[in-house]
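Got the viewer open and the chain loaded? Let's take a walk through it, one selection at a time.

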Amino acid sequence: MADLSEVEQIVEKVVSQVLENHVPQLREELVRRVLEDLPPAAGSAGASGDGAAANLLKAVSAIHAGTTQREILRALLDNTVRYSGRGALFVVKAGAATGWQGRGFTQDGEDTIKDFALNVGLGAPEQALRSRLPFSGTNSEIDPEFISRFGGPADDQVLVLPLVLKEKVAALVYADAGREAGGKMDAAALELLVRATSAWLEVASLRKQAQKEESAEATAERTESAAPSHATPGHATSVPSDPFAAHAPKHITSVPEAIPTPPVMAKQPVAVAQAEPIVPSAAAAAPAPAADPFANMSPEDADVHRKAQRFARLLVDEIKLYNQAKVAEGRKNNDLYDRLKEDIEKSRGTFQKRYGNSAAAGADYFSQEIVRSLAEDDASIMGANFRRN
């Protein structure tokens, strides 16, 4: 078993290096997939097709060059004003939206959008928050205090786009053509930029989580002989990072019970889902103590089982990240496997190549994670054609 463990460590090191070397290709793949989901007219306003596509690619590449959430969001705002007159990002916490940074809202060298409390109980912000879709409207469909303080756009048109992470709205992006007549406003290009940002923040979060797990595992291995660990392995001990944890609203003293329901003002159908904080409270998220399922195994076999669980989780997280629309439709129609068959079987093959001949081969961690994460612990959602091995 010692030889197997040494070989596995070498393989993991090589895999990590290969993944790092393929980050540029991953960025290009993200751009391609986002472009496929958008209407054909995206970015075409006022420019030739090739020129518009090249500019959009540069903008998305600038966003994907960021390695921290601050760098990524700043790049989003910097490129937002290439397709609009003004842009701002509002962090959503506890049902409230608070200004983080803006472009085009500067007075006397100060970013006046920072810490502004945007009313999300009416108009376009309310619709975007509830439906998780972009909404456009007139000046009357935005917070009156916002218009009073910053002035309305000259063309009387505003756009609010949700930035979705972990299937929840983590922030709202506001854009308009500016206060001067003849300003620019390319809604399709702005939607692409926001979607690209959402995807890249998800990737950055997964990479950070994987690095933390590797660091924690290395620490546990160094101390195992002196103080054996009995922590529950697998996803129960892993808490996704919150990209906006440092931006809780300063003006909130209590959490509102619910966003008030406004008069019907939007030009599109309204979804009924209520937005929630991106990360649950510690009390709600804390798992109940459980016995170590690998306690009766040898240290070498237990280590293989834990690594197999983690690898299965990362593979399924990737499927979920790149197929959010298919996952939602599959859950609704109980045919999730049919919609994701190609991705599931490809990842299953990857898992089998790595752990199919190991001590964890008979545990079927990949199928368990598919049902747990994609089907939310309801195997019937996968459909009749789903097979576990």
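Start by selecting helix 10 and helix 11: their axes come within 7 Å and cross at roughly 145°. Axes here are lines fitted to C-alpha atoms, for helices over the stretch in contact, and angles run from 0 to 180 degrees between N-to-C directions. Helices (H or I, at least four residues) and strands (E, at least two) are DSSP runs, numbered from the N terminus. Now show side chains: Lys326, Val327, Glu329, Gly330, Arg331 and Asn333 of helix 10 make the contact with Leu336, Arg339 and Leu340 of helix 11. Contact means heavy atoms within 4.5 Å. Colour those residues by class and you get 3 nonpolar, 2 polar and 4 charged. For the classes, Ala, Val, Leu, Ile, Met, Phe, Trp, Tyr, Cys and Pro count as nonpolar, Asp, Glu, Lys and Arg as charged, and the others, Gly among them, as polar.

A quick word on what you're looking at. This is a predicted model, in which local features need pLDDT of at least 70 and side-chain atom pairs count only at pLDDT 80 or more, while totals for chains, interfaces and linings use all residues. Residues are numbered from 1 along each chain as its sequence is written, and side-chain values use heavy atoms, with hydrogens and water left out.

Zoom out for a moment. The protein chain has 12 helices and 8 strands. Of its 389 residues, 43% are buried; that means under 20% relative accessible area, with exposed being over 50% and partly exposed in between (1.4 Å probe, protein chains only). Among contacts in the chain with a separation of 6 or more, 70% are between residues 24 or more positions apart.

On the helix 9 side of the contact, pick out Val304, Lys307, Ala308, Phe311, Ala312, Leu315 and Ile319; on the helix 11 side, Leu340, Asp343, Ile344, Ser347, Thr350, Phe351, Arg354 and Tyr355. By class, the contact of helix 9 with helix 11 has 10 nonpolar, 2 polar and 3 charged residues.

What sits in the loop between helix 9 and helix 10? Select Asn323, which is found there. Asn323 counts as buried because its relative accessibility is 7%. Not counting residues up to four places away in sequence, Asn323 touches Leu340 and Asp343.

Now bring in helix 12 (residues 365-374). Is it enclosed or open? 8 of its 10 residues are buried, so helix 12 is largely enclosed by the rest of the structure. The buried ones are Tyr365, Phe366, Ser367, Glu369, Ile370, Val371, Ser373 and Leu374. Their cover includes helix 9, helix 10 (324-333) and helix 11.

Look at helix 11 against helix 12: the axes come within 11 Å and cross at roughly 145°, and this crossing is right-handed. Leu336, Leu340, Ile344, Ser347, Arg348 and Phe351 in helix 11 meet Tyr365, Phe366, Ser367, Ile370 and Leu374 in helix 12. That contact divides into 8 nonpolar, 2 polar and 1 charged.

Follow the chain past helix 12 to Glu376. This residue has a positive phi of about 55° although it is not a glycine. Most residues other than glycine have a negative phi. For another case, jump to Asp156, with phi near 65°, in the loop between helix 6 (144-150) and strand 7 (158-165). Asp156 has a relative accessible area of 33%, so it is partly exposed.

Last stop: Arg132, in the loop between helix 5 (123-131) and strand 6 (135-137). Arg132 counts as partly exposed because its relative accessibility is 40%. Leaving aside neighbours within four places in sequence, Arg132 is in contact with Gln127, Pro162, Val164, Glu167, Lys168 and Val169. Try the distance tool on two of these. The C-alpha atoms of Arg132 and Val169 are separated by 6.6 Å, though 37 residues apart along the chain. The backbone oxygen of Glu167 lies 2.5 Å from a polar atom of the Arg132 side chain.

Notes:
A polar contact is a pair of N or O atoms within 3.5 Å; within protein, one must be able to donate a hydrogen and the other to accept it, and residues adjacent in sequence count only if both atoms are side-chain atoms. A crossing is left-handed if the near helix is turned anticlockwise from the far one by less than a right angle, and right-handed if clockwise.
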